[in-house]
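Subject: Handing over the structure

Hi,

I am passing this structure on to you, and I hope you enjoy looking through it. Please have it open while you read, and my notes follow just below.

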Amino acid sequence: MKKTLVALAVALAATGSPAGTAAAAPVTRPTQVIYDGDMDVDDTSTLAYLCEQDHKGLINLLAVTVDNDGFGTPGRSLVHAHTVLNDCGLPDVPVADGSNTIVHAAPADAAQTVEAVLTGALNDGSRQPPTPPLTAAQLIARTIATTPGK
């Protein structure tokens, strides 16, 4: 199955040696990441993996955007993204919705099954979708504009 996720890994950090120490080892910063997915099973698992990479200092998870293409369920995709981020210890990573219309909808029965599996696994059935203050495009633009080292 071709994934509908897009991982925007923006390498905003440059490597180099401190001034005046030409022989010093290069200084590397974690890769800056903005993640986008429809929050179906593979995208939700990927977000959990990215959380672990952030905790290890290998990446800096800057933002998450969700869309409703594929198996994503409007509103529930936001809930699932927030649940994963809260449960993995990154509750301050901003999340925004990327689409109001479904372009490539999955079959309804398959999408309902995926939603039931995720809601059961994440135990977030009673959570209501938050209203993001920004659209996905606005969040991406703001994140890039305000991230040092771009």
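Let me start with helix H1, whose buried residues pack against strand S2 (31-37), strand S3 (59-66), H2 and helix H3 (108-122). Helices (H or I, at least four residues) and strands (E, at least two) are DSSP runs, numbered from the N terminus. Buried means under 20% relative accessible area, exposed over 50%, and partly exposed in between (1.4 Å probe, protein chains only). Contact, which is also what I mean by packing and touching, is heavy atoms within 4.5 Å.

Before going further, a word on the source: this is a predicted model, where local features need pLDDT of at least 70 and side-chain atom pairs count only at pLDDT 80 or more, while totals for chains, interfaces and linings use all residues. Residues are numbered from 1 along each chain as its sequence is written, and side-chain values use heavy atoms, with hydrogens and water left out.

The overall picture

The chain has 4 helices and 4 strands, and from the N terminus on these run β-β-α-β-α-β-α-α. Of its 150 residues, 38% are buried. Among contacts with a separation of 6 or more, 77% are between residues 24 or more positions apart. The accessible surface of the chain is about 8200 Å², and carbon and sulfur atoms hold 59% of it; these areas come from the Shrake-Rupley method with a 1.4 Å probe, and for residues only the protein chains shown count as cover.

H1 has 15 residues and reaches 22 Å from its first C-alpha to its last, close to the 21 Å expected at 1.5 Å a residue. That expected span is 1.5 Å times one less than the number of residues in the helix. The buried residues of H1 are Asp-43, Thr-44, Leu-47, Leu-50, Cys-51, Gln-53 and Asp-54. Leu-50 has 12% relative accessibility, so this residue counts as buried. Setting aside residues up to four places away in sequence, Leu-50 touches Tyr-35 and Ile-59. Just after H1, Gly-57 takes a positive phi of about 80°.

H2 has 12 residues that should span 16 Å, and its end C-alpha atoms are 16 Å apart, which agrees. This helix is mostly covered, with 9 of its 12 residues buried; among them are Arg-76, His-80, Ala-81 and Leu-85. The cover over the buried residues of H2 includes H1, S3, S4 and H3. Just after H2, Gly-89 takes a positive phi of about 90°.

The disulfide

How many disulfides does a search of the whole structure find? There is 1, and it joins Cys-51 to Cys-88 with an S to S distance of 2.3 Å. Cys-51 lies in helix H1 (residues 41-55) and Cys-88 in the loop between helix H2 (76-87) and strand S4 (95-97), so the pair ties together parts that are 37 residues apart in sequence. A disulfide here is a pair of cysteine sulfur atoms within 2.5 Å. The torsion about the S-S bond of Cys-51 and Cys-88 is about -55°, so the disulfide is left-handed. Cys-51 counts as buried at 0% relative accessibility, and Cys-88 does so at 17%.

The cores

The largest nonpolar core has 19 residues, and those with the most contacts inside it include Tyr-35, Leu-47, Leu-61 and Ala-81. S2, H1, S3 and H2 are the elements that give two or more residues to this core. A second, separate core of 6 residues includes Ala-63, Ala-96, Ala-136 and Leu-139. A nonpolar core is a set of buried Ala, Val, Leu, Ile, Met, Phe, Trp, Tyr and Cys residues joined through side-chain atoms within 4.5 Å.

A few residues to look up

Glu-115 lies in helix H3 and is buried, with a relative accessible area of 13%. A polar contact of 3.0 Å joins its side chain to that of Arg-76 (a pair of N or O atoms within 3.5 Å; within protein, one must be able to donate a hydrogen and the other to accept it, and residues adjacent in sequence count only if both atoms are side-chain atoms).

Met-39, in the loop between S2 and H1, has a positive phi near 60° and is buried at 1% relative accessibility. Asn-123 has a positive phi of about 55° although it is not a glycine; this residue is exposed, at 65% relative accessibility.

Best wishes
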